[in-house]
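Please take a moment to set the sequence beside the three-dimensional picture, and keep both in view while reading. The paragraphs below move from one part to the next.

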Amino acid sequence: MSSAVDPEFTVEEQVITVLADIYRGEVIAVSATVCGDIAARLAKALYAPEIVLMAGGSMAGFDCAPTPKVLNDEWVTSPTAARGSDWTEAFDFISAGKYAITMGPVQVDRTGSCNISVLGDWRRPKVAMIGSRGIPDDMVRLAEMTFHVRRHSPRALVEKVDFRCGLGFGPDRDRLGLTLGVPRMLVTDLGVFDFDRTGAGMSVRSLHPGVTFDDVQQATGFALLPPDGAVPTTRPPSEEELYWIRERLDPLGVRRLDSPKPPPGLLAELAERERELLP
Amino acid sequence: MKKVSSLDAMVAAVPPHGLVSFGGGGMVRKPMAAAAALAARETPVRLSVFLAGPEVDLLLGAGAVEQLDYAYVGLDALGLSPNFRHAREKAGLPAVEWTEAMYIAGVEAATRRVPFAPTRSGLGVDLMELPGIPFRRFPCPLTGEELTAVPAIRPDVLFLHANEVDTLGNVRITGDGFLDAQLARAARTVYVTAERVVDRLEGMSERETTISRLWVSAVAEVPGGAGFTALYPDHPLDYAQAGDYVAHCADREWVRAYAAKGAPA
């Protein structure tokens with residue numbers, strides 16, 4: 001390891017190290033956000049060699065090495081795969097609960113319900129987003145779901161989601177007898193959050209360095225549960241983690257796509273730089 | 001029996017108002033040339049697509065879609081689908097939102113030629129609360145457990161784009177197969193465009209997806225048939241061309257000209 005790791009870190013690097021904690025055991029470690037994807041690679045490299053990595057989103061590359069993150073993962077990661085897989089097996093793995101997933105919801109509410117489908121009324125939406133995808137499926141078969149919201153704001157952290165793709169805690173969950181698919185935690189650019197298991201609301205587990213409780217309350221569209229004493233600071237990334245993120249797992253800086261305010265032209269820049277890396 | 005045909009002949013055989021599906025997923029291995037040819041025809045069709053990407057955006061932009069079933073519509077890292085947004089937000093496109101597992105179950109029902117399949121999905125989510133949905137909660141006749149019934153998805157025509165096909169219609173897909181192999185068993189007619197038509201598929205790996213000629217109606221050699229979407233290992237996603245598409249695709253005249261050119265690779 002290089003001794004010249006700059007200890008100053010970005011919020012994306014902070015988020016990656018927090019998310020790396022959720023990937024443990026013989027599970028398929030996947031994510032809908034770039035930081036969650038790099039977090040799975042970091043967990044595999046440093047903490048949990050037993051987890052299964054995919055070739056980015058590709059089912060054709062199953063049980064891969066923690067290779068550098070790129071936009072076109074299939075080219076770099078698939079060659080390291082132990083075997084191939086497919087979408088029907090993927091959903092059999094979900095039915096068996098063998099996935100650990102980080103989602104990137106557009107809205108999360110105080111109970112941990114989440115939305116990626118629409119803003120406004122589904123029948124004539126203000127914004128038609130991408131549809132419910134696999135969230136309703138994950139919710140009925142996986143033990144837990146983890147959320148990563150890139151930019152903590154009252155538009156993302158809402159009193160009530162416009163369309164429920166995943167169900168949080170509370171009376172509806174209790175009435176349905178649904179014990180799986182519970183929201184495990186939320187990670188944002190400001191901190192780490194837990195959902196009360198009765199549906200009473202969201203509390204702060206830790207705040208990223210330099211962030212205050214008031215900052216978070218102002219950026220949240222509902223009242224946070226009052227802290228029980230002093231709120232801890234999120235553990236900063238270690239030198240070893242920063243080395244792995246910067247030098248080994250994301251040398252192009254794809255993680256910057258998950259910045260609260262990504263620089264304009266970043267996608268084009270990454271695409272251009274990555275062309276030199278692809279075989 | 002040789003199954004080599006042309007994209008023009010395939011598209012001409014799509015029935016008006018027929019149910020059309022596409023393989024691939026998001027920005028990966030989408031049959032863009034086939035979608036462009038279909039869009040240029042401007043005959044309305046119904047679409048049912050697992051993970052819809054720019055091929056569906058293109059058809060929506062050309063005004064050629066009467067109804068859309070999907071589990072996802074989007075352009076992945078390039079953002080939301082502009083013409084899906086317009087169709088849903090402004091034009092009242094009839095649509096049915098599926099979950100991924102429900103969609104897979106619907107395709108599997110069709111492959112078994114049964115009218116529905118049971119799933120556990122649907123509990124506690126709003127897509128089950130929408131009016132007119134084709135899904136029903138029902139008690140399992142054997143155990144009494146509450147499950148969700150989803151209808152069989154049986155496309156009239158399925159378009160796939162593959163790395164390679166042989167002249168008899170056997171198909172080879174090297175990267176992510178998505179639902180292509182299952183959809184091929186569910187659809188009434190299966191048209192495959194490919195980078196290469198060869199006499200015989202050689203050196204197959206167990207990681208590749210294959211589809212037997214028995215499922216395939218016709219194949220056509222259409223190099224670059226996936227357009228700017230990624231086709232492993234032939235070419236990665238072309239972000240410059242995809243970005244150009246996103247910048248212009250809200251303009252119907254531009255979309256029609258683009259479709260008429262055949263969505264160049």
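A:Asp37 and A:Arg41 are both buried, and in this model, which is predicted, their side chains meet in a salt bridge with 2.5 Å from N to O. Both residues belong to helix H2 of chain A, which covers residues 34-47, and they stand 4 residues apart, about one turn of the helix.

A second salt bridge of chain A joins A:Arg205 to A:Asp194, where the closest N and O atoms are 2.6 Å apart. Because A:Arg205 lies in strand E13 (residues 202-207) of chain A and A:Asp194 in strand E12 (residues 191-195) of chain A, this pair ties together parts that are 11 residues apart in sequence. A:Arg205 counts as partly exposed, since its relative accessibility is 37%.

Another pair to look for in chain A is A:Glu269 with A:Arg256, whose side chains meet in a salt bridge at 3.1 Å, N to O. Here A:Glu269 lies in helix H9 of chain A, while A:Arg256 lies in the loop between helix H8 (239-249) and H9 of chain A, so the pair ties together parts that are 13 residues apart in sequence. A:Glu269 is partly exposed, with a relative accessible area of 32%, and A:Arg256 also counts as partly exposed, at 25% relative accessibility.

When the whole structure is searched, 34 salt bridges are found over all chains. In chain B, some of the charged residues are linked in a network of salt bridges, made up of B:Glu164, B:Arg172, B:Arg196, B:Glu208 and B:Asp234.

What, then, lies between the two chains? The contact takes 48 residues from chain A and 51 residues from chain B. The size of an interface is often given as the accessible area lost when the parts come together. Chain A and chain B bury about 4,000 Å² between them, and 61% of this area is on carbon and sulfur atoms. Across the interface there are 2 salt bridges, and B:Asp126 forms a salt bridge with A:Arg164, with 3.9 Å between the closest N and O atoms. Polar contacts are also found across the interface of chain A and chain B, in 21 residue pairs with both residues at pLDDT 80 or more.

On the side of chain A that touches chain B, at least two residues each come from strand E3 (58-62), helix H3 (73-77), helix H4 (87-95), strand E8 (127-128), helix H5 (135-141) and helix H9 (266-274) of chain A. Helix H5 of chain A gives the most to this side, with 5 residues. Sorted by kind, the residues of the side of chain A that touches chain B divide into 27 nonpolar, 11 polar and 10 charged.

Turning to the inside of chain B, one may follow helix H2 of chain B, residues 32-41, which is mostly covered, with 8 of its 10 residues buried. The buried residues are B:Met32, B:Ala33, B:Ala34, B:Ala35, B:Ala36, B:Ala37, B:Leu38 and B:Ala39. These buried residues of H2(B) pack against H1, strand E1 (19-22), helix H3 (54-61), strand E8 (157-166) and helix H8 (252-261) of chain B. Just after H2(B), B:Glu42 takes a positive phi of about 60°.

Which side chain of opposite charge is nearest to B:Glu195? B:Glu195, found in strand E10 (residues 189-198) of chain B, is buried yet has no salt bridge, and the nearest side chain of opposite charge is that of B:Arg196, 5.2 Å away. The side chain of B:Glu195 does reach the backbone nitrogen of B:Gly224, at 3.1 Å. Not counting residues up to four places away in sequence, B:Glu195 touches several others, including B:His161, B:Pro223, B:Gly224, B:Leu231 and B:Asp234.

B:Met1 is exposed, with a relative accessible area of 77%. Leaving aside its neighbours within four places in sequence, B:Met1 is in contact with B:Thr167 and B:Leu168. Although B:Met1 and B:Leu168 are 167 residues apart along the chain, their C-alpha atoms are separated by 6.0 Å.

Technical notes. Residues are numbered from 1 along each chain as its sequence is written. Chains are lettered from A and ligands numbered from 1 in the order in which they are written. This is a predicted model: local features need pLDDT of at least 70, side-chain atom pairs count only at pLDDT 80 or more; totals for chains, interfaces and linings use all residues. Side-chain values use heavy atoms; hydrogens and water are left out. Buried means under 20% relative accessible area, exposed over 50%, partly exposed in between (1.4 Å probe, protein chains only). Lys and Arg count as positive and Asp and Glu as negative; His and the chain ends are not counted. A salt bridge is a side-chain nitrogen of Lys or Arg within 4 Å of a carboxyl oxygen of Asp or Glu. A polar contact is a pair of N or O atoms within 3.5 Å; within protein, one must be able to donate a hydrogen and the other to accept it, and residues adjacent in sequence count only if both atoms are side-chain atoms. Contact means heavy atoms within 4.5 Å. Buried area is the accessible area (1.4 Å probe) that two parts lose on being put together, summed over both. Ala, Val, Leu, Ile, Met, Phe, Trp, Tyr, Cys and Pro count as nonpolar, Asp, Glu, Lys and Arg as charged, and the others, Gly among them, as polar.
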